[in-house]
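Take a look at the model below.

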Amino acid sequence: MPRAFAALRRSIRFAPPALTALALAALPARGEETRREAAPIDVVVQAPPGSVRAPAAESTVVETSAFAGEVRSVAELLGSSPGVSLHALGGPGQTATVSLRGATADQSLVLLDGIPLHGPGGGAVDLSTLPATLLDRVVVSRGVLGAQFGAGALGGVVELVPRKAKVRGAGAQLSVGSHGTAQLSGDIEFAEGGASALAAAELDTTQGDFPYSRQLTPEVSPDYSDFTRENADARRGSALVRWAQQLGADTELAVLLQAGAGVHGLPGPYTTPTQRSRALDQGGLLGARLRGEAGSAAWTVRAWGRIDRLELRGVQVVEDCADGEPSCPRLSQRSMAAHGEAELGFPFGDAHWLRVTAAGGEEWIAGTSTGPHRRGVASLALMDDVRLPGRVSVHPALRAELVGAQAAVSPGIAAAWRPFSGGPLVPVELRAGAGLSFRPPTLTELYLDQGVVLPNPDLEPEHAWSADAGVRWHGQVLTISAAAFYSRYRELISYELSPPIRVKPLNVARARIAGLELQAAVALPQAFVAEASYTYLDAVSLRDGNQDGHHLSYRPPHRLFARLARRGDRIEGYGEASFVSSMPRDSFDSAKLPAQLTLNAGLGARVVGTLWLDLEAKNLLDDRTHEDLFQYPLPGFTLAALARARF
Amino acid sequence: MRRTPILLFALAAACGSAQHTPPPLNTIPLPKGAALKPYDAANPGTPHPYNMAQIGGKVFVALGNLRPDYSVGGPGFLVGVVPSQGVTDVIDLGGADGRQCQNSGAVRTDGTMLYVTCSGDFSGSSGRALVEVDPAAAKATRTRTLAADQAPSGLAVTANKVWMGLSSSASLISVDRTTFALADGSDTHQAIALECPHKIYAYVPDLLTVGSDLYALCSSDQAGVIFRLDSSTGAVRDHANVGATPTALAATPDGRLAVVCSGDNTLWIATPGQGGTVTAQLAHTYAGGTATLQGVGSSARYVFTTASGSNTVQKIDVSVTPAKVVAEASMNAGTAPWDVAPLNDDEVVVSGSLSDDLTGLTAVDFKTAPQ
């Protein structure tokens with residue numbers, strides 16, 4: 001293989017994120033634990049950091065190790081990234097979704113080890129079902145990235161990279177906290193010769209009975225009254241097994257198994273509490289990947305399957321009901337997907353690294369309210385990594401895709417340029433990208449029939465295009481990035497009133513979304529790292545009629561995150577602030593959700609050997625008025641104690 | 001002997017008549033279970049009280065009688081209530097087979113008779129009707145069955161006709177009060193079509209008669225409009241834009257019209273002008289915590305509104321500009337207040353579409369705004 005391409009491939013695969021590089025640069029020797037976590041990485045920064053599949057896309061990498069000693073959900077891990085909007089229907093264990101760049105949650109893909117996750121029926125992924133302790137890092141790539149990742153990536157993609165074995169060892173972590181919340185996780189790993197294996201598990205439980213405050217008479221009094229959340233308990237178990245075996249000098253087989261099961265209450269909005277509604281879910285995926293090299297080419301063959309089941313008890317359209325009564329049937333939904341994929345990468349001339357990917361599969365759904373349905377999916381993608389003179393890399397991609405009977409082509413391109421080869425401005429990098437793609441209607445949107453919620457089998461895909469440009473500074477101590485984007489959406493699927501009370505999904509909405517994303521991280525003396533991110537979002541409806549020109553609901557115009565953390569050999573700690581500005585609650589800019597400021601802090605010490613004890617406080621201001629979508633309250637002040645060790 | 005009654009009369013006059021009306025019960029239980037004559041005893045409906053009308057010291061409320069999934073559980077009902085005592089009349093609107101009127105929702109009176117619309121089964125084509133009720137006899141007197149595509153929503157009563165807005169289009173139909181036959185919207189007379197901008201849907205959520213005028217709201221995916229029409233012919237005289245998704249209208253104490261809009265959380269005041277014109281002004285934008293405005297009604301001095309998404313009832317002075325919310329009541333979570341029937345300036349009866357009971361609110365239930 002030509003040396004230049006080897007370097008490019010290595011850099012694309014292994015380029016570390018800025019924060020990790022900063023942390024490694026800033027850290028003194030931290031004892032055995034850190035040495036285990038910070039495995040040596042061959043740093044060859046010849047291509048932009050971020051996703052392997054979308055080089056030069058605007059991206060943020062979140063290392064889970066940076067949050068050791070903290071009780072973090074996947075949603076909370078994502079909170080440090082710009083361009084991210086998080087919505088949680090309560091505290092731990094309750095549904096949480098992510099959306100990128102103002103898109104909806106089901107317009108953003110979430111992948112686990114490259115395998116797309118969807119809610120049953122194809123909708124938004126519930127991040128609360130994904131255990132954070134089983135992950136190594138999270139890569140957030142923003143923009144219309146259908147060409148690189150496939151249909152549905154209109155706002156961007158969240159890649160969850162699971163942990164993999166690095167050494168022989170084991171670890172355990174236990175946390176207990178407010179409102180009956182506890183988490184126990186453990187893992188064992190083995191790596192020797194050409195084989196490695198990791199098994200990890202996590203158990204979570206919470207009573208969820210946190211106090212909250214709400215205004216009873218908002219028109220005449222700003223006063224709040226206190227209540228306690230009910231039926232918000234949750235229990236979950238999750239496991240991950242990852243095994244890799246070197247089969248030859250250039251061939252490796254890797255197998256991933258992830259499974260989880262949980263039960264949680266569905267408390268409902270505080271205005272219409274549903275104390276008898278429950279949700280039970282089980283799901284898992286199995287994937288196998290064989291990859292190798294043949295001469296100057298690299299190839300990968302992969303197959304995976306997913307199965308998910310969701311059962312709702314005591315659930316009705318508006319209220320709850322008594323599970324077991326004739327008028328209160330259980331609603332069950334099962335979904336499955338099987339997929340195969342082959343990719344071949346090879347050099348083309350002196351400047352190109354071409355990748356061709358062919359994939360196909362099928363997805364099924366069967367449910368009380370949907371009936372059984374299936375559809376095939378197939379795609380053919382061509383991606384090129386072009387190295388041009390003057391430290392320019394260009395990454396065009398084109399994907400043709402078939403989802404059921406709906407076909408579309410998604411083009412995309414990204415480019416990066418490091419204009420300076422020497423001097424103090426070497427870390428400067430300019431980048432830009434553009435993409436056009438689609439999101440096919442989910443099986444739920446096509447077939448869900450719940451009496452007042454009507455199906456629409458005639459739905460067409462949503463379409464979007466976007467363009468963005470940015471500048472980054474990748475220094476040894478300081479990393480800064482700034483990006484601006486503009487997106488247009490059309491044929492958006494919106495649930496519209498079908499008078500008098502029913503609703504039906506229709507391709508009726510249009511929107512433009514523009515924004516600005518800033519991020520900075522700096523390594524400070526004494527092993528401190530400071531980081532901050534800011535997102536400005538201007539999401540405007542272009543729909544005909546009285547919504548035209550109004551802002552899209554639940555898109556905060558401003559979001560600010562700042563964090564100061566220290567990771568030392570003996571003492572660690574952090575403090576962080578998250579501010580979300582007031583945002584529209586309706587489609588007419590006439591009702592607003594108030595701004596929310598959340599302060600968190602934690603402090604920990606290594607007490608003996610590799611045993612760390614940490615104490616963490618969230619929502620230090622004990623603001624119990626925080627709420628999210630649809631009048632779901634969020635917890636006030638919570639406290640958690642955490643012990644962890646590696647052996 | 002003669003001084004005492006005179007003195008009592010004078011005291012009563014000084015204190016106002018409201019002092020003589022006993023306050024409404026806080027909770028007014030509605031018929032449930034077998035009393036709602038369920039089609040399937042194992043899967044009965046619940047009351048789902050919707051709109052109300054007052055006549056003869058009673059409040060009459062239409063019951064949807066719907067199951068939790070909003071399918072029809074039994075015939076439509078109209079229930080008469082003495083607010084201080086409770087239910088006095090339970091009137092089955094379903095006819096002989098119990099299916100002529102289903103999902104009753106809107107009710108209006110001309111001061112003598114009551115008229116109730118039945119929207120029918122949302123998932124089927126049965127049960128659409130207009131029913132005339134004699135409140136004195138507490139029984140349905142006449143029923144006009146409507147076609148499947150004539151599911152009615154709001155209604156208004158004039159001297160000669162009962163006008164109904166449709167839930168499937170921006171159209172009005174009418175029933176002749178003498179013959180109780182379909183007039184506008186019949187085979188010989190087209191329905192009155194309102195020019196209401198829309199691409200996906202448009203419907204007429206509420207109607208009101210004031211003098212010789214008929215007022216109709218149109219709610220669509222693109223606009224909210226109030227129309228002023230001739231109450232005899234249905235000819236459109238004028239129209240004005242109001243907020244998004246208007247849901248209900250009522251005459252204000254000063255002779256204008258109050259319109260609540262659930263889409264954008266606003267209260268609008270429409271003013272009739274000379275020559276049949278109408279204009280509308282935004283009177284109040286509700287607080288962010290107030291959600292899903294549903295109903296509106298007026299007492300001698302105030303306008304009352306309900307917000308089902310925040311379980312609140314507002315008491316509003318519309319004589320000032322902008323209108324001022326002078327007091328507000330909070331109802332229990334899960335009530336979803338729908339319509340409001342003011343008994344006087346301090347007391348109202350509220351139908352809670354999810355509570356399955358009526359609620360009486362008095363002055364002590366309203367929290368007043370700081371001056």
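How many of the six residues of strand E23 (residues 293-298) of chain B are buried? Five are, and the strand is mostly covered. Keep in mind that this is a predicted model. Strand E23(B) is joined by five bridges to strand E24 (residues 303-307) of chain B, and the two run antiparallel. Together, E23(B) and E24(B) make a hairpin, with four residues between them.

Now move to strand E12 (residues 171-176) of chain B. This strand is mostly covered too, with five of its six residues buried. Five bridges pair E12(B) with strand E11 (residues 161-166) of chain B in the antiparallel sense. Here Gly165(B) has Leu172(B), in E12(B), as its bridge partner. Four residues lie between E11(B) and E12(B), which form a hairpin. E12(B) also has two bridges to strand E13 (residues 192-193) of chain B, again antiparallel. In that pairing, Ile192(B) of E13(B) stands opposite Leu172(B).

## An open sheet

Chain B also has an open sheet of four strands. Their order is E1-E29-E28-E27, and the pairing is antiparallel. Strand E1 (27-29) and strand E27 (337-342) of chain B each have a single partner strand, so one side of each is left without a neighbour in the sheet. From one strand to the next, the twist averages 25°.

Look at one pair inside this sheet. Strand E28 (residues 348-352) and strand E29 (residues 357-361) of chain B are joined by four bridges. Val349(B) has Gly360(B), in E29(B), as its bridge partner.

## Nonpolar cores

The largest nonpolar core holds 107 residues. Which members touch the most others? They are Leu78(B), Ala216(B), Ile226(B) and Val259(B). Take Val259(B) and set aside its neighbours within four places in sequence. Its contacts are then Leu217(B), Ile226(B), Val242(B), Pro246(B), Leu249(B), Trp268(B) and Ala270(B). A second core is separate and has 69 residues, including Ala54(A), Val62(A), Leu117(A) and Leu240(A).

## A buried residue in chain A

Phe149(A) sits in helix H5 (residues 146-149) of chain A. Why does Phe149(A) count as buried? Being buried takes 20 or more other C-beta atoms within 10 Å. Phe149(A) has 26 such neighbours inside 10 Å, so it counts as buried. Beyond residues up to four places away in sequence, Phe149(A) touches Arg53(A), Ala54(A), Leu109(A) and Val157(A). Asp458(A) is 309 residues from Phe149(A) in sequence, and their C-alpha atoms are 25 Å apart in space.

## Where the chains meet

The contact takes 41 residues from chain A and 48 residues from chain B. On the chain A side, strand E24 (478-498), strand E25 (502-524) and strand E30 (592-593) each supply at least two residues. The chain A residues that touch chain B divide into 21 nonpolar, twelve polar and eight charged.

## Confidence

For the complex, the predictor gives an ipTM of 0.88 and a pTM of 0.88. Chain B has a mean pLDDT of 92, and 95% of its residues reach 70 or more. Residues 1-18 of chain B have pLDDT below 50. In the model, this stretch has two contacts beyond near neighbours in sequence.

Note on methods
Residues numbered from 1 in each chain as written. Chains lettered and ligands numbered in written order. Predicted model: local features only at pLDDT ≥ 70, side-chain atom pairs only at ≥ 80, totals over all residues. Pairing = 2+ DSSP bridges. Axes fitted to C-alpha atoms, helices over the stretch in contact; angles between N-to-C directions. Buried ≥ 20, exposed ≤ 12 C-beta atoms within 10 Å, placed from the backbone. Contact = placed C-beta atoms within 7 Å. pLDDT = per-residue confidence, 0-100. Core = buried A, V, L, I, M, F, W, Y, C linked by C-beta atoms within 7 Å. Nonpolar A, V, L, I, M, F, W, Y, C, P; charged D, E, K, R; others polar.
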